[in-house]
Amino acid sequence: MFALAWRTLRFRKGGFVATFLALAFGTVIVMACGGLLETGVRNNAPPQRLAGADLVVTGDRDYQLPKKHPSDPEEDVESAVLSERVPVREGLQKAVRSVTGVRSALAERDFEAALLGGKGGGAQVAAHGWESAAVTPFRTSGGRAPTAADEMVLDAHTARAHGLSAGDRVRVAAHGGSRTYEVTGIAAPAKGRGVAQPTVFFSTERARELSGDRVADIAVTAAPGQDMAELKSRMGDALSKVPGGGSVKVVSGDDRGAVEYPDVLEGRETLIVLASVFGGLATLVAVFVVAGTVALSVKQRHREFALMRATGATPRQLRRMLLGETLMVAVLAAVAGWLAGPYAGSWLYDRLVAADLVEGIVVHSQGWVPSAAAAGALLLTALGGGWVGAHRAIRTRPGEALSDAALDERWVHPVRIILGVLCLAGAGTLALLTVLLFDGPIAASTAGPTVMCAVIGLALFGPGITKVVTVLVSPLVRVVTGPSGELAVLNSRARTVRMASVVVPVMLASGMALGNIYLQTTQEQVTKEAFRENLRADAVLTAPAGGVDPGLVDRVRSLDGVAAAGAYVSTTGFVERPRSAQSEDGLPLQGVTGRDASSTTAVTPVKGALKDLTGRTVALPEALAKKADRDVGDTIRMRLGDGAVVPLKVVALFEGRAGFETALAPSSVLAPHTTTGLPQQIVVRADSRTSQGELTAALREFAATQPGLGVADRDALLAANADDARMQAWVNYLMVGMIVAYTAIALVNSLVLSVSNRRREFGLQRLNGATGGQVLRMITVEALLVTGVGLLLGALAASTSLIPFSVAASDSWIPSGPLWIAGAVVGTACTLALGASLLSAWSVLRHRPVEAAVAAE
């Protein structure tokens, strides 16, 4: 039967190509998403600067959330990643040195800096103390090490890029100020051991000052002959016995790269979530497309199977032949997908790096697990789709199936009805949950599953819905299109099941496109509106690196035209008691200056006063305070971004925007517990007599006296926020675009397969007097009818997620976004449908009518 299967494929090129494309492209997409997921899980970040350290002692940013029900032993413990770098107590260096097998232990002080001079001033650099150079690949290639407070060493690549050399003087901004330094030497990495980050080294004492006297990590080198696993274990035991040792961990191998690039840990969560969501969606779509394509291809061979049955073939033999055909196609498609999948995954990963969602140091992984999973899942889907599609044809009696009038229009089956009802009920349930349980952007988490449940449910009822819609629009089609439309309507009503097999890809493609794109535009608009509402400052002062000096706040407040000014910092914390007060993502915290908070923020207290935000205090959104059972005067226990636990007294309650709840605390409390240790900005509000332009001019004049200090007005802040939102949205558009493009391929596949199989029908029509032009006009009407029904169902499926999300996120029934997106989706669907249908029909009409009329379907 396998030999017969091979010969059959030679004469069924249309079905072969359609199945091959569906499987190959599906394998590529699923493999690409699987590779991203594997990359996130492995999170391999080979060390660069710390490659010379055998072990690194660093602050442990993994945080186990308190249980909601501490007395419940079966409750799972959730974990999160702290938003700031956890400092290492300097006293731990002595404990590390005392561990047997340790040759050296260097306390590293890392901080942000920026070059303000040379070519292209304002470049960000990673700054360190010179003592840490011993474990890095850097060695001075010219000059000497820095020893004085106004000396530094610059890496060779950065020096060349900025036209600097040993002996030059350049201004550098760091830790809220700036100073001119002499470049005493140029450091070049050893051959083959490059460091991606621009790097500058200061003297040990100067690095201590600029880092706020914070130790970022302890780089450890082992004595010769030491077993790293045993040394790591001994060091962990030793640290657990000294004060502060419980807040650190010992890392080795590629985990050292995450110490150099702290964003690797947060990027891991982002990548896993992104790959899981889109990978799951892509897999579901691929399974749906492959099953539909294979089932359509097999279903169109109804008469062929009946003829084989009539000549003696048994159902078992036909199944074996079908299995052989599917395996042959699947193996070829899997090979093509395996070859292209890693390239697609690598390209997609590069786009995520370019969007700053993932650190480029993380190595993209594409192992055999996602490859095997992708090929296996789609192979099983292809076999299942072929089995279902051929089941009725194989079991039908030969005499009945061979009849010319035997158009198989039976589709109602108890299992199909039950599954359809369950899917539609699931979509309805998810839509209700979105409206009732979620607020803000988090409501998007149920959107993808809602669309897919609706699409699958509508697809299962597709033949019945298609027939009803066709009957309803038939009078209009007949009036507008004349005889060609009449024939198209008759064909559509007689071939409802086959028409539905083409309607479903249109519905899937349009539903996915409309649902996901308008979901993203709505979410982007909601985020921009929330930022605009919360922004009350007319201008901000920023530093190029390391934060701003909080001592500048009083000087800015004293300028003419300034009504209010305050230090601003943002971070994330966790309410430890009570645990139910926030999600596992933590509670966004905004640091403000209490005396001016009512002017520089959009918060209006409903109880208490913002001016009381001094010392260890906090202002909470009403909804969060209610969940925490806290009121003004009560205290909450907060774990801040660097892991420090601080009790905060509630001094005010306010009504927060749903989905964007943020707590306010004094910047003097929050800033010391951030990575830089300083406020990020100084926000400024103009008085009633001063315009925004006048305020900006005054601030720029002030900033000129503070080299490196920058000024941005309100419009610039809004534009920057919009750019950030668009960049993040672009990545989602890219991921969704890949899935939609795949469904578009499925649409073309189905149309080509459906039209090409009607060679005999077109031949008989032409023998009865129809011209080629009339047949093409009939196909045009059919294609538009199919597209219209598919677009209608796609819009219905998309609305099951868009309307609930829009209500939950913005209290509006209408999602946000330009109408041209819907127009583009409709236009693309019509273009693809018409193009695929007419080209296929034209190819069929090239044959002589007599030859076509006697051809097998």
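Both Glu108 and Arg49 are buried, where buried means under 20% relative accessible area, exposed over 50%, and partly exposed in between, with a 1.4 Å probe and protein chains only. This is a predicted model, in which local features need pLDDT of at least 70 and side-chain atom pairs count only at pLDDT 80 or more, while totals for chains, interfaces and linings use all residues. Residues are numbered from 1 along each chain as its sequence is written, and side-chain values use heavy atoms, with hydrogens and water left out.

**Salt bridges**

A salt bridge here is a side-chain nitrogen of Lys or Arg within 4 Å of a carboxyl oxygen of Asp or Glu. The count comes to 18 salt bridges, and three of them are set out below.

| Pair | Closest N to O |
|---|---|
| Glu108 and Arg49 | 2.5 Å |
| Glu205 and Arg208 | 3.8 Å |

What does the bridge between Glu108 and Arg49 tie together? Glu108 belongs to strand E4 (residues 102-108) and Arg49 to the loop between helix H2 (13-42) and strand E1 (55-59), so the pair links parts that are 59 residues apart in sequence. Helices (H or I, at least four residues) and strands (E, at least two) are DSSP runs, numbered from the N terminus.

Asp110 sits in strand E5 (residues 110-115), and Arg85 in the loop between strand E3 (79-81) and helix H3 (92-97), so this pair ties together parts 25 residues apart in sequence. Both Asp110 and Arg85 are buried.

Glu205 and Arg208, by contrast, both lie in helix H5 (residues 204-210), three residues apart, about one turn of the helix. Arg208 counts as partly exposed, at 24% relative accessibility. Through salt bridges that share partners, Arg49, Arg85, Glu108 and Asp110 are joined into one network.

**A threonine in strand E10**

Thr184 lies in strand E10 (residues 177-189). Is Thr184 buried or exposed? With 6% relative accessibility, Thr184 counts as buried. Contact means heavy atoms within 4.5 Å; leaving aside neighbours within four places in sequence, the contacts of Thr184 include Gly142, Arg144, Pro146, Met152 and Ala166.

**Cysteines**

How many disulfides does the structure hold? The structure holds zero disulfides, a disulfide being a pair of cysteine sulfur atoms within 2.5 Å. For Cys33, the nearest cysteine sulfur, that of Cys453, is 19 Å away. Cys33 is buried, with a relative accessible area of 6%. The sulfur of Cys423 is 5.8 Å from its closest cysteine sulfur, in Cys453, which is too far for a bond. Cys423 counts as buried too, at 18% relative accessibility.

**Nonpolar cores and a surface patch**

A nonpolar core is a set of buried Ala, Val, Leu, Ile, Met, Phe, Trp, Tyr and Cys residues joined through side-chain atoms within 4.5 Å. The largest has 100 residues, and those touching the most other members are Leu23, Leu36, Val285, Val290, Met512, Tyr742 and Phe762. Helix H24 (residues 772-810) gives the most to this core, with 14 residues. Not counting residues up to four places away in sequence, Val290 touches Ala22, Leu23, Leu378, Thr381, Ala382 and Tyr742. Another core lies apart from the largest one and has 20 residues, among them Phe111, Ala113, Ala156 and Phe202.

Finally, Leu436 has its place in helix H13 (residues 414-437) and counts as exposed, at 66% relative accessibility.
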